[in-house]
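This briefing covers a protein model, with points grouped by topic. The sequence and structure come first.

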Amino acid sequence: MSHEERPYHRTALLSFRFLGTAVIGSLVMALVAVFGTAPTQLAILGAFISILGGLFLSYLGQEDQREQKRAEVIQSLAVPLSLASDPELFQQYQVISAALTALAQRTDPILRQIALLKLASVTEQIDGLAEGRIVFALTESWRTVYEDLLCSPDVRRYRSVAWVQHPEYWQDEPSKQSMRVNFEAVRRGVLVERIILLSDELWPAEESLPSPEILPWIEEQHNRGLWIGLVRESDLSREPDLLIDMGIYGDRAVGVQELDDCCRTLRFTLDVDPQAVQLADSRWKRIQLFARSFGSILDQEPPRT
Amino acid sequence: MQPTQLYLDTARLGQMSRRAQQAHLDFARMAVEEGASQFFERFLREGSDSWSGNVQSRFHGLTCWRGISRLKENLRTLAGSDPELPVLMVNRLADLMRFASRLLFQQCSNVLVTDLGWPPYREILDGEARRAGRSVTPLAVRELICDSQFGEDDLVDAVRRRFLAAGCDGLFLTAVSHQGFRLPAERLVRALEQVREVRSIVIDGAQDFCHASADLSNEYCDLYLAGCHKWLQGFHPMGLGFYGRRRSRVMVEMLLVDLLESGELNDPLLRFTTQIESAKLDGETETVNLIPIFTCQGATAEALERSASVPSLLGMRRRNVLQAASVAESSGWRPVLPAEPFRTGIMLLQSERDVIRRRSHRDLRESFADEGVALTAYDGGFVRLSMPATEWQPQEIDQLRSALHSVA
């Protein structure tokens, strides 16, 4: 049998506050009852009751404030509590919190101004991440995520729309590397389907095949086993929202790429929100209505000698 | 057991043709006299054109050999298509079917098949579908085409409806089933292409080539599988893959190179013939069994020299089916024939008697062998007969009648 020391709790009835107040109050009322008239006794009793009422109301007001503060404290603890189950994020939270605490010690107003601007931008990015969106701006580093997605075992189908406005589209080294990842995905059994939107310069209306500047790029993908569909940009003149560069990775994510005039990435946005994937899927189906399969176009051509 | 007097099992393995036999015998003699000499290697690459008259008479059966490329041209001619288009040659037909499955599921998510397919091929197709996370949509047509009222238009309609309803985008068709049921493959392909893109089309022509049609003049499919050991009568098994449709020719070749380089496709004859055509032998030629290419060349030469065309030979075989059916009906056997448009030179019979139907297929086959008749038997009292290409001779009909009576 354990003999643990139990903590000692003294009853409130034996506390000094209660005993002292009760004894003094009782002595005062006893003196009034002995030496005072009936109206005086009543007046003093009324005064004591009013004082008691006032104290009670004041207590309630303070309790409200205490409750509010408790709520604020608990809420401020909620973030680290929910993050505690995610060690990687919790570590980042601690680092950021410590950095903000250290920043608060800096009093330089210019530093503070710049810090607040940068923090606003960071907050916006974190908000985006929380909504399932990752944005890469002015960098080709999105290709790492892109390639990881294509190599992911649960992505068995990759649908892509390539808006080719310039023959240099996806001709730089990072793009060639990404294309090799496409071919490897086909080899592993991923169904890769690409609809290529071509400007009228790159696929003139009177020509059965796209121009020689872009045709080898298209042919290589077709010959490597990608399903290729072609659309002339002019065919989408009434559906400008379909002029887009995007990829749908299984039903996991959708990526949208924006390019500059030199076909370099301005921005790549990856969205894992199911609604965004659904929207991309319906967009794909709409574009597909305009697409002619490259295989069927080739079949109309005379045999190669 | 007595030797076979009536061979009706071409659908399993054709009897070796006369020219194939000559090539076989002379190749064996060359193997004894030359082994793997430079003479042999040069002959293999270039053929017999440079041989003196003496050498030609020594190896007369091999004088039709003009190299791998010429063999492929001859096969293409036999298939009614452009001799310049390519042909794959393999020792193992299962490897060819695996390649065909990879080709199909490269671009297709859902391939339509019928229930006429040869089960081992269907297993390979299903396996590849599982590997790639794709679908196979089956369509039961066997019972439909056994209905005498069912015509080709009805079949086209049924296939089209199923293809569209299931959202299929690929097609694997058996042109002639191992039980002798024929599908109008090209007509079906065209009908489907009118309503939706068919991204990839593979036809199993193992029982079709040199028997029913195998007219590839329009290059309607991406890969046509055949063999030279059944109706071509080359005897030694060798698989053939005809391809060259404009949209897929390079795709097929790139996939082939990819799989050969990775070792996922490792057929010795395929590797050898690919290398010899590109003049890049890798020193493994000594391990390849080459006899099938010579007997195939002999059989092909004989087939090309034949005056009767494949359609006219089919017509003769179909008439033989009717005559054999009549004999069977009076001998206790029920013919199992599809409707007239779907008939070929192969017929199925089923015994009318339960005691025969309970016998194993091995027993049944042996019983017919004891009567001097070679055929294939199946459980349930079924036997398969491959019709001769010439009109029944009276003694053949008598022998067939006698065998059917005895076994029944």
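In this predicted model, helix α7 of chain A, residues 215-223, has four named buried residues: I218(A), Q221(A), H222(A) and N223(A).

**Helix α7 of chain A**
- After α7(A) comes G225(A), which has a positive phi near 100°.

**Contact between chains A and B**
- Chain A contributes 17 residues to the contact, and chain B contributes 16.
- On the side of chain A that touches chain B, the elements giving two or more residues are α6 (173-187), α7 and α9 of chain A.
- The most is given by α9(A), with four residues.
- This side of chain A is made up of five nonpolar, seven polar and five charged residues.

**Helices α5 and α10 of chain B**
- Helix α5 of chain B spans residues 93-107, and its axis comes within 11 Å of the axis of α10(B), with a crossing angle of roughly 120°.
- The crossing of α5(B) past α10(B) is right-handed.
- From α5(B), the residues that meet α10(B) are F99(B), R102(B), L103(B) and Q106(B).
- Their counterparts in α10(B) are V252(B), L255(B) and L259(B).
- By class, the contact of α5(B) with α10(B) holds five nonpolar residues, one polar and one charged.
- An α-helix has 3.6 residues a turn, so residues three or four places apart point the same way.

**Domains of chain B**
- Chain B has two assigned domains, domain 1 covering 68-304 and domain 2 covering 309-407.
- Between the C-alpha centres of domain 1 and domain 2 of chain B the distance is 28 Å.
- The contact between these domains of chain B involves 18 residues of domain 1 and 13 residues of domain 2.
- The side of domain 1 of chain B that touches domain 2 of chain B consists of eight nonpolar, seven polar and three charged residues.

Technical notes: Residues are numbered from 1 along each chain as its sequence is written. Chains are lettered from A and ligands numbered from 1 in the order in which they are written. This is a predicted model: local features need pLDDT of at least 70, side-chain atom pairs count only at pLDDT 80 or more; totals for chains, interfaces and linings use all residues. Domain bounds come from an automatic or database domain assignment. Two residues are in contact if their C-beta atoms, placed from the backbone, lie within 7 Å. Ala, Val, Leu, Ile, Met, Phe, Trp, Tyr, Cys and Pro count as nonpolar, Asp, Glu, Lys and Arg as charged, and the others, Gly among them, as polar. A residue is buried if 20 or more other C-beta atoms lie within 10 Å of its own, exposed if 12 or fewer, and partly exposed in between; C-beta atoms are placed from the backbone. Axes are lines fitted to C-alpha atoms, for helices over the stretch in contact, and angles run from 0 to 180 degrees between N-to-C directions. A crossing is left-handed if the near helix is turned anticlockwise from the far one by less than a right angle, and right-handed if clockwise.
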